[in-house]
Amino acid sequence: MMSFVSLLLVGILFHATQAEQLTKCEVFQELKDLKDYGGVSLPEWVCTAFHTSGYDTQAIVQNNDSTEYGLFQINNKIWCKDDQNPHSSNICNISCDKFLDNDLTDDIMCVKKILDKVGINYWLAHKALCSEKLDQWLCEKL
């Protein structure tokens, strides 16, 4: 009986830790509010998210003097605020840890501000990997 409970607990914890790894179709669905915003198509956004974070909403990348958070790797020097960089410009007026959950509402709000201020080239992967041959980033399950 004890081994069954242990297996059940491990299964629950494993599922919980994997919950932040989204699928292509989940990202496609979640990013519908970004469709054609700033002239960027939905497949371009799905591709950019993949090459930026691997669809991992908990992705954190440490750079020399900054950290990038979440699905869109939003930087703490300019766009959000954390303990590492308390003097951030915090243009999106948000705590960086808000980009580490599966609720992409605040991520999308900040992404729109980034697009309005600096454009799609904020995401280096976009120009290099997501500006052509976009059929592979469509989701047919919708």
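The torsion about the S-S bond of Cys-92 and Cys-110 is about 80°, so this disulfide (a pair of cysteine sulfur atoms within 2.5 Å) is right-handed. Cys-92 lies in the loop between S3 and H4 and Cys-110 in helix H4, so the pair ties together parts that are 18 residues apart in sequence. Helices (H or I, at least four residues) and strands (E, at least two) are DSSP runs, numbered from the N terminus. The sulfur atoms of Cys-92 and Cys-110 are 2.0 Å apart. Both residues are buried, where buried means under 20% relative accessible area, exposed over 50%, and partly exposed in between (1.4 Å probe, protein chains only).

The model is predicted, so that local features need pLDDT of at least 70 and side-chain atom pairs count only at pLDDT 80 or more, while totals for chains, interfaces and linings use all residues. Residues are numbered from 1 along each chain as its sequence is written, and side-chain values use heavy atoms, with hydrogens and water left out.

Residues 92-110 also carry an annotation: UniProt, in an unreviewed entry, places the feature "domain: Glycosyl hydrolases family 22 (GH22)" there. UniProt positions are given in the numbering used here, feature names are shortened, and annotations may be inferred rather than shown by experiment. The end C-alpha atoms of this span lie 5 Å apart, and the span is 32% helix and 0% strand.

The structure holds four disulfides. With bonded cysteines counted along the chain, their pattern is 1-8, 2-7, 3-5, 4-6. One of them is formed by Cys-25 and Cys-139, whose sulfur atoms are 1.8 Å apart. Distant parts of the chain are linked by this pair, with Cys-25 in helix H2 and Cys-139 in the segment after helix H5 (124-129), 114 residues apart. The torsion about the S-S bond of Cys-25 and Cys-139 is about 100°, so the disulfide is right-handed. Both Cys-25 and Cys-139 are buried.

Another disulfide joins Cys-47 to Cys-130, with an S to S distance of 2.0 Å. Cys-47 lies in helix H3 and Cys-130 in the segment after H5, so parts that are 83 residues apart in sequence are tied together by the pair. The torsion about the S-S bond of Cys-47 and Cys-130 is about -75°, so this disulfide is left-handed. Cys-47 is buried, with a relative accessible area of 0%, and Cys-130 likewise counts as buried at 0% relative accessibility.

Helix H3, which holds Cys-47, has nine of its twelve residues buried, so it is largely enclosed by the rest of the structure. The buried residues are Leu-42, Pro-43, Glu-44, Trp-45, Val-46, Cys-47, Thr-48, Ala-49 and Ser-53. What covers them includes H2, H4 and H5. At 1.5 Å a residue, taken times one less than the number of residues, the twelve residues of H3 should span 16 Å, and the end C-alpha atoms are 16 Å apart, which agrees. Just after H3, Gly-54 takes a positive phi of about 70°.

The largest nonpolar core has 36 residues, and those with the most contacts inside it are Leu-31, Trp-45, Tyr-55, Phe-72, Ile-74 and Trp-123. A nonpolar core is a set of buried Ala, Val, Leu, Ile, Met, Phe, Trp, Tyr and Cys residues joined through side-chain atoms within 4.5 Å. Helix H2 (24-30), helix H3 (42-53) and helix H4 (105-117) each supply at least two residues of this core. Leaving aside its neighbours within four places in sequence, Leu-31 is in contact (heavy atoms within 4.5 Å) with Leu-42, Trp-45, Val-46, Phe-72, Leu-104 and Ile-108.

An open sheet of three strands has the order S1-S2-S3, with antiparallel pairing. Strand S1 (60-62) and strand S3 (74-75) stand at the edges with a single partner strand each, so one side of each is left without a neighbour in the sheet. Two strands pair if DSSP finds at least two bridges between them. Strand S2 (residues 67-69) and S3 pair in the antiparallel sense over two bridges. Ile-74, in S3, is the bridge partner of Tyr-69.

Asn-90 is found in the loop between S3 and H4. With a relative accessible area of 17%, Asn-90 is buried. Apart from its neighbours within four places in sequence, Asn-90 is in contact with Ile-78, Trp-79, Cys-80 and Lys-81.
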